[in-house]
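Student: I am new to this structure and would like to go through it step by step. Could you take my questions one at a time?

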Amino acid sequence: MTYQKDYSRFSIVPETQLMLEKAARDQVETVWDRYQAQQPHCGFCEMGLSCRICMMGPCRIDPFGEGPQTGVCGATADIMVARNLGRMIAAGAASHSDHGRDLVELLAKVAKGQAPGYTIKDPAKLRRVAAEFGVQADGKDDLSIAAELADAMFDDYGSKKDSLTLLSRAPRQRRELWQKLGITPRGIDRETSEMMHRTHMGVDNDWVSILLHGMRNALSDGWGGSMIATEVSDILFGTPQPAKSTVNLGVLKEDQVNIIVHGHNPVVSETLVAACQDPELIRLAERQGATGINLAGVCCTGNELMMRHGVPMAGNHLSTELVLVTGAVEMMIVDYQCIMPAISDVAACYHTKMVSTSNKAKFPGMEHHEFHPENARQKAATLVKMAVENFTRRDKNKVYIPSSPQEVISGISVEAVLAALGGSAEPLIAAIKAGKIRGAAGVVGCNNPRIKQDFGHITLTSRLIANDILVVDTGCVSVAHARAGFKTLEALEKAGPGLREVCGALGIPPVLHVGSCVDNVRILVLLAALANTLGCDISDLPVAGSAPEWYSEKAVTIGCYFVASGVFTHLGPMPPITGSINIVKLLTEGLKDVVGAAFAVEPDPEKAAALLIRHIEAKRAGLGLDSR
Ligand code: SF4
Ligand code: SF4
């Protein structure tokens, strides 16, 4: 750590600044130190102008026109940028969709009675989704339906179909457009596999063709793998309902055994919820001198547990190391995605035990305890016992919990939104038509050390709600909004008068937590329901999306499936595409004529807010509604 620290440069979150001071005192390196050490980043890579796809390379293209203008194979800047972007989309789609597959495998095992500790928690949703997949439910019990539904979902992963099942939820106009463009996704795995094939040297060398397939690949995630992940999670673990919880580092308890779950897939963490409530393990904790066992989450595994059980969240992506710097965590249990490999080095400075649980996500410095549906209940009990026994190793002199918990209302599924509206989307549409709510925006995604933590999210969302735009959030943004108090009824004071009136009458905050990263599909489902009710396409609605601080390949895929579904989408950090002016123009302008929506890249959240508000007002005018 060789540079002078001014922690307010890194984060607007006071507790983050305090924990960075402690990290420096404890000589712990964090993501901001490593980010600094990487400066300056490679300019070729930032522009998408480097390629290492084959061993005739690696190759780089000189953006100033003096050096090479093609790779060894002859790939131009357009081809290189398109191939790199295509592979990012494929990686994001694969991550979400493989997560979805793990849930379908669990559903199949539950159906066969091979997953003790798991049940069907929402049989009504099981039957609704089964009907969409053509599974006849009459006279069958839940487990038989679950077995058939799992089989039908596995079929969507393969390549035997012309179209994914859940595309039927999209408005007719949108499906016809995808068909006309030849981007209807056929199989979840197929589109990812085809993207990897197309971007091998010497296959698809038409950059437009690669990017169109990128749209198809992203749609296979949004209306396929991610949608299956969310629906099966609801079936197995319960469809979220509004409930109160708490966020920030203050959710850790100085007098309790603290266990943190990190990652994305709720399969492991769901079993930990039950294990942490086991009276025998609580008694064991008391014998160790603790007053109880406190389970909390970070990142999207945290979102999944908060949505369904009100389990508190300690932080978002850039806070994951700082949670351990409190010195108060007995164990962190990880599944997969967004878990920085350096986190074990942070844990090693304290007494925290790090545990990995997935056969596809192993980490240096972590004990590996592999979870399977067959052993999950037993494994969860073993891990909680290990965490409890670790409590006596805590060094009280190293403990520092810098804040008090902030209240939050969570658990806003589509079902919960419709229930709050009295069973249909009509009251929301009426409020939009009357201009009380101007429109809606999904503010989603990650943190990124390129941007001051939470600054993009909070600045943008403040402007949106003040302008009567309803905000829904997923992923790590949800913690940022919650930390800032946006998900309480008191936050209505920050909303414009129309939004305040409507949300106040419904008893909901102006910013609604709809879930984890895969749960972005809840937004797609809600948009489709609104468009279907109005008889229009999604691209006609006064809505927009934004990922002000994105970092992950998954965020690229999410952005692409929203744009391909007709939603104008803002990105904070610029993706690695500036090496091709053709591709920049297509993604930010040309796509409007193709799919009725495009990307905008704007690092300044004030300017981004103006872009979103202008877009929403223009869409209102397009629908014949009043516009400001
Ligand atoms: S695919 Fe072409 S541009 Fe890429 S590394 Fe190989 S030769 Fe170079
Ligand atoms: S929002 Fe981004 S950083 Fe956070 S859990 Fe999801 S992908 Fe990871």
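Student: How do the residues of the shell around ligand 1 divide into nonpolar, polar and charged?
Tutor: This is a predicted model, and in it ligand 1 is surrounded by residues that include Cys51, Ile53, Cys54, Met56 and Gly57. Also in this surrounding set are Cys59, Gly71, Val72, Cys73, Met80, Arg83 and Met201. Sorted by kind, the shell around ligand 1 comes to nine nonpolar, two polar and one charged.

Student: Which residues come nearest to ligand 2?
Tutor: Around ligand 2 there are 13 residues, and they divide into seven nonpolar, five polar and one charged. Those of the 13 that come nearest to ligand 2 are His264, Cys338, Cys446, Cys476 and Cys517.

Student: What radius of gyration does the chain have, and what would a compact globule have?
Tutor: The chain contains 24 helices and 16 strands, and its C-alpha atoms fill a box of roughly 65 × 65 × 50 Å along the principal axes. For 628 residues, a compact globule would have a radius of gyration near 25 Å, and the value for the chain agrees with this, being 24 Å.

Student: How many residues of strand S12 are buried?
Tutor: On one side of S12 stand Ile469, Val471 and Asp473, and on the other Leu470, Val472 and Thr474, with both faces covered. In a regular strand the side chains alternate between the two faces of the sheet. Strand S12, residues 469-474, is thus mostly covered, and the number of its residues that are buried is six of six.

Student: Which residue of S12 does Gly442 stand opposite?
Tutor: Strand S11, residues 439-443, is joined to S12 by five bridges, and the two run parallel. Together with helix H18, residues 455-466, these strands make a right-handed β-α-β unit. Within this pairing, the residue of S12 opposite Gly442 is Val472.

Student: Which residue in S13 stands opposite Val471?
Tutor: S12 also pairs with strand S13, residues 511-515, in the parallel sense over four bridges. In S13, the residue opposite Val471 is Val511.

Student: Which residue in S8 is the bridge partner of Ile333?
Tutor: Strand S7, residues 331-334, and strand S8, residues 353-356, pair in the parallel sense over four bridges. From S7 the chain crosses through helix H14, residues 343-348, to S8, in a β-α-β crossover that is right-handed. Looking along S8 for the bridge partner of Ile333, one finds Val355.

Student: Which residue in S9 does Val355 stand opposite?
Tutor: S8 is joined to strand S9, residues 367-368, by two bridges, and these strands run parallel. The residue of S9 that stands opposite Val355 is Glu367.

Technical notes:
Residues are numbered from 1 along each chain as its sequence is written. Chains are lettered from A and ligands numbered from 1 in the order in which they are written. This is a predicted model: local features need pLDDT of at least 70, side-chain atom pairs count only at pLDDT 80 or more; totals for chains, interfaces and linings use all residues. Side-chain values use heavy atoms; hydrogens and water are left out. Two strands pair if DSSP finds at least two bridges between them. A crossover is right-handed if, with the strands pointing away from the viewer, the path from the first strand over the helix to the second runs clockwise. A residue is near a molecule or strand if one of its heavy atoms lies within 4 Å of it. Ala, Val, Leu, Ile, Met, Phe, Trp, Tyr, Cys and Pro count as nonpolar, Asp, Glu, Lys and Arg as charged, and the others, Gly among them, as polar. The radius of gyration is taken over C-alpha atoms; the globule rule is 2.2 Å times the number of residues to the power 0.38. Buried means under 20% relative accessible area, exposed over 50%, partly exposed in between (1.4 Å probe, protein chains only).
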